Amino acid sequence: MSVVRCDGIVQIYKAHEVEVVALRDVDLVIDEGETVALLGPSGAGKSTLLWLLAGLLRPSAGRLWLNGADIGRLSQRSLDRLRAAQIGMVLQNPARNLIGYLSAAQNVTFAQRAVKRDRRRAGDLLRRVGLQDAGDRPAGRMSGGEQQRLALAVALANKPRLLLADEPTSQLDERSGAWVVDLIKRAADVDGTTAVVVTHDMSVSEALGRTVTIRDGRVGAEGRRGEDFVVVGREGAVQVPPEYHHLLPPGSMARIEELEDGIALRRAEP
Amino acid sequence: MILRGLWERRTLSLVVLIIAVVPIASAAVGPIYSAAARTTIVREAVRTAPLEGRGWRYTTTSGGIQAKVGAFTRGAGFTNPPIFGMEATSGRADDKRAFSLVWQDGQCEHLTLAEGRCPRASMEVMAGQASGFALGQTIHLSAVRRAEVGDAGRDPAPLKVVGIYRPGSPADPFWFGRTLFAPPGRPEGDKADALFTVPETRLDTYIVAGAVDFTGARQPEAGWTDYGIVFIDTDRIEGTDIDVLAAMQAAAENAGSNEDTIVFSRVADVLRVVSANAGSLGVPTLLVIAQLVGLGWMLLFQTVGDLVRARGAEIALARLRGHGRARVWRFALAEPLLLLAVAVPLGLLLGRAAAGTMIGALLPAGVPVRFPVEAAPAGVAAMLGGVLAAAPAAWRTATRPVTEEWRRTPRRSARGWVLDAVVLSITALGLVELLATGVITDVSGQSSSAMAVPGLVALGVALLAGRALPVLTRRLFGLTRRHGGLGPFLALRQVARGPVTAGSVVVLGAAFGLATFAVSAWSATSGDYEETARFHNGAPTAITVRPVEPRRLIEAVNAADPGGRTAAPVIKVPGPPEMVATDPARLAAVGYWRPELAGGRTLAEAAAALPGPATPRVWLRGDRFRLTADHDPLPKGWSVRLFATLRVPGQLRPVQIPLGALTGRSGTHAWNLPPGCAEAACELRAVRGETTPPPEAEEDLYVRVTVTGLATRANGRWHALDLPSWRVDEDPDARDGTFVVTVPGNQTLRPYTYEPRQAGVAVGALGGKAVPGLDNAYAGPVRTVLASAAGPGLTGVGVLVDLEQADRMAYGVHDKAVFQVWTRSADPAALERALEEQGLSVVSRRTSAGLAASFAGQGPGLALMLLLVSALAAAALALGRTVLALFTAARRRTYELAALEASGARVAALRVALLLEQVITVATGTLAGLVAGLVAARAALGRIPQFAEPPVTPPLPHEVALAPVAAVVGAALLVSLLAAVLVSEALLRGIRVERLRDAPA
């Protein structure tokens, strides 16, 4: 069963009187229990897609289903409930996920306020992220690594069906990063949580079950089981991965050669 | 969590708390100060009232005085314990005098014993020194009989004189409402000083029917008149007692409808003064408070909004975690509401403390600082402004897209025009309304509504300035992009797009507008008070003395100030039109005058035109006066008696002596002169005839009488007097001493010693109005030698005349005339001593500064003082809030500044940017306030209430003193510049390139 289903999502926002197309015709299906790494260059639209998946934005066009609910048709109240009950999110800067003057436990229970408060789970989560001894120390005084782990615990506080994480390892050393990724995978394994992680870190993407690469607001490529694929878009468009730009530079012309199971592109010099 | 959050944002929380506390305190100060001001008004009115206005004398002939007075004073906590007494009045065999037999509780402490002792037993009395009774003498009063009935009825009660006293001072409040002693030097033949006894005398005596009490009513048998004297304690009466005071006065007036009760008092006059002053305090104070609370709301609106926005990240997290809107809204409101809740008691306490300080500094000592019931709701109402600010700010934060909180470059949200347009429209409507009702355009009167003008103008100008500054800086921004360096470029860019700019300019503009107006209004009003006081007082110091004859007053001043440069005798007769009669030459030396109000003429020039001819007067000295006259024969049956009108030394009223009836065609008529004429010369003022018609007159009376000789007798010898030039008022051409006795149109012959149309300096629209003269009887127009818009000593339309001429013209001096000596001496006490050595009795002294201070103590003055103090405090707060807002806004940009530094921008350029940004914002706000304040001052000064009763004269200059205004604005600019320097340095110290490693907040 798909937890996320994007059907021709377009997201446009206005910046200084200019309309910017952040996402265009994004089709994406993520099944329950999958762990997906969202890859792509800065400004490609990864964070925008993540915010859409969190129900923080509504798509300008196209439809988005989360756990079978079309978020475009949900009232704000329903959307809040959906987010409270089924979505956990880790924002890019770990400090942003936390209320700095509250303790670790208070931060976790704050995230549970909109649903049933579960102190046992809060304690369990803190143990899982290694912060059971954090005591009353305010989150603002924790190290970057501790904050990142606590942010993950906060995101998992409501036992979400969909965990969204934006660069959860960006400020961590390799060992801490691995621990965080392990926590995400464990949540998927233990709780059946579907995880979508925006990352630039290859080790993170390799550790997760699937990669989706966003380029220029489109899903350009996907990777499964260590192999990368380009994705053929709605209008038959295919993005040539950057590593092949030296062969087919953007703006160059190519001939299409038909093959039995597809086509081949060859540079042409008209 | 809320408390932790407040601690986390402690600086901002503290600022919000302070800014919330101030309008609450301002709102609370109003009622507290107003209550104290009302107390001041009522105390001042009572204190300056004549003795009769400070209490009641409750008199009854039906007994039960204690219960009656107890009922009368019930609920009045401001009266002293009543002084009870009893009185019976009686005559005495072979004595034409009436005697009052009196007991008054505490009498012995208020009388000076000359001989003997105070009475201790029944039927012992103490008699006045002037009564002629000797110690040990027994007195029998015809109406005071023994209680026991003897064979021949009741015998007169023997009253034994055990003490002789010197009369107490009539001015002693203890003797309130009753004249028990003959005034010193003015013995009255038919009234002796009271006989004082003890209450027990009542038990052993019987007052016979037929005795008449002082009210003229017949007393019942055995009846004494009981009385209770109730005084208002000026140290205890408060503004809240005005209603009780009015109720007591109403009860006193009602009690008078009972035939056995009389309540004597002039408290009604005091109540009228109190009502006028308190009424003039209420509306201006309310408007002042409303404007200050409005300003406080504006500050609160912005600062509470800042606090809510400061929680933006937490609120976004709450929404991210799926909290519902209502919960998020509550979450956002929790901190500001808690702060506002805490601010209420703190604000009320601060308000009380501030009001206490103001009351201590501005109002007379001893005025208590109360906390009236209205103060708490006023404070809570002010706090509601914060709630009104917090609620929409929280709602906006709870509903705006969450993702905006985390964007690297938040989308610019344009400042809406709607709110500004609404506020500007309301402001414009308010001003139009004030224009339409004539409050602004009409300069003739003073309207409380004009107090709303400064707030409206300040708000309007501030809003426009807040809008104009970003537009102007955007224009200049292009210029700095090409020239001027990085500093001005960054500063102008920030000012042009900075969200703090407009809000700060609006708050600063409104606050400084109000402050500038307050300072302008206060300086102008103080000037008006001083100018009015100088004119109304006439000279720097006016010493009021007991009435004496005008000549004695003149001579006493001449002797006390032989140089003629420091003192002037003055007699003021109330109008309308008013009259001030004085010595012109001396007035020129001491009187206050403004030549520009009199067509450039100086007081010396004006005074020089006042004296009239110094024709010799007709002085009569001796024991008998003789007048020889020729006349027409009298018609049949008619009788004509001649009278001479004299001015007698020691008496203010003229004395008329009969000279006998006319018989034949001529005759010599003589009569004894009053005893005073033997020691000092009396003056002949007039001769006239009184007619008695026959039962049935056959012909009209028309008898011409010609005075042919005057003589006085002294030491047994007659001395003929030179005949003066005569004048007949009704026939100006008759100068030969001939006048007509007729009906109607009887004429009066007067020595022609005065100018019939007296020269006078006219103040105001006198026109052809008759001037009352010193005696308020000889009404006639004056010959205006100079017209001035104001004159010394005149509070309304009136004239300034020569005292010598006024005295020659009048028959006497009116009871309401006030006798003063004006002086510019630096040592008025020495002059007072000199005047007393000359036999004058000094009653009081008033300086023009004291009079100005009393104007400032009236309702409008007290309201303006409240505006001044509070507006300055609000301006200081607005300045502080602006500096803080600029600091906070700049601190949010430290990432950007760090990036600029990293990319090679010099610190000096960044310093210039920060400094310029703050200086431009603060200076614009302050200068907008200055403009708004001056515009408001121009529009509203002259219309705002300054006096409880606007003076008719002098014309008020309404001159704004520029120095205080410049000082306020200069101080504001200086402080803001200093703050800008400090803030810039603090921010520059916080700019570190390492910050770039963090994500921008």
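## The contact between chains A and B

Chain A gives 23 residues to the contact and chain B gives 18 residues. Two residues are in contact if their C-beta atoms, placed from the backbone, lie within 7 Å. On the side of chain A that touches chain B, helix H2 (residues 76–86) supplies the largest share, seven residues. That side has 13 nonpolar, four polar and six charged residues. Ala, Val, Leu, Ile, Met, Phe, Trp, Tyr, Cys and Pro count as nonpolar, Asp, Glu, Lys and Arg as charged, and the others, Gly among them, as polar.

This is a predicted model: local features need pLDDT of at least 70, side-chain atom pairs count only at pLDDT 80 or more, and totals for chains, interfaces and linings use all residues. Residues are numbered from 1 along each chain as its sequence is written, while chains are lettered from A and ligands numbered from 1 in the order in which they are written.

## Strand S20 of chain B

Helices (H or I, at least four residues) and strands (E, at least two) are DSSP runs, numbered from the N terminus. Two strands pair if DSSP finds at least two bridges between them.

Strand S20 (residues 682–692) of chain B runs antiparallel to strand S17 (residues 639–647) of chain B, joined by nine bridges. There, B:Arg647 is partnered with B:Glu683. S20(B) also pairs in the antiparallel sense with strand S25 (residues 748–751) of chain B, over two bridges. B:Val687 has B:Leu749 as its bridge partner.

## A sheet in chain A

Seven strands of chain A form an open, mixed sheet in the order S6-S7-S8-S3-S9-S10-S11. Strands S6 (87–90) and S11 (227–230) of chain A each have a single partner strand, so one side of each lacks a neighbour in the sheet.
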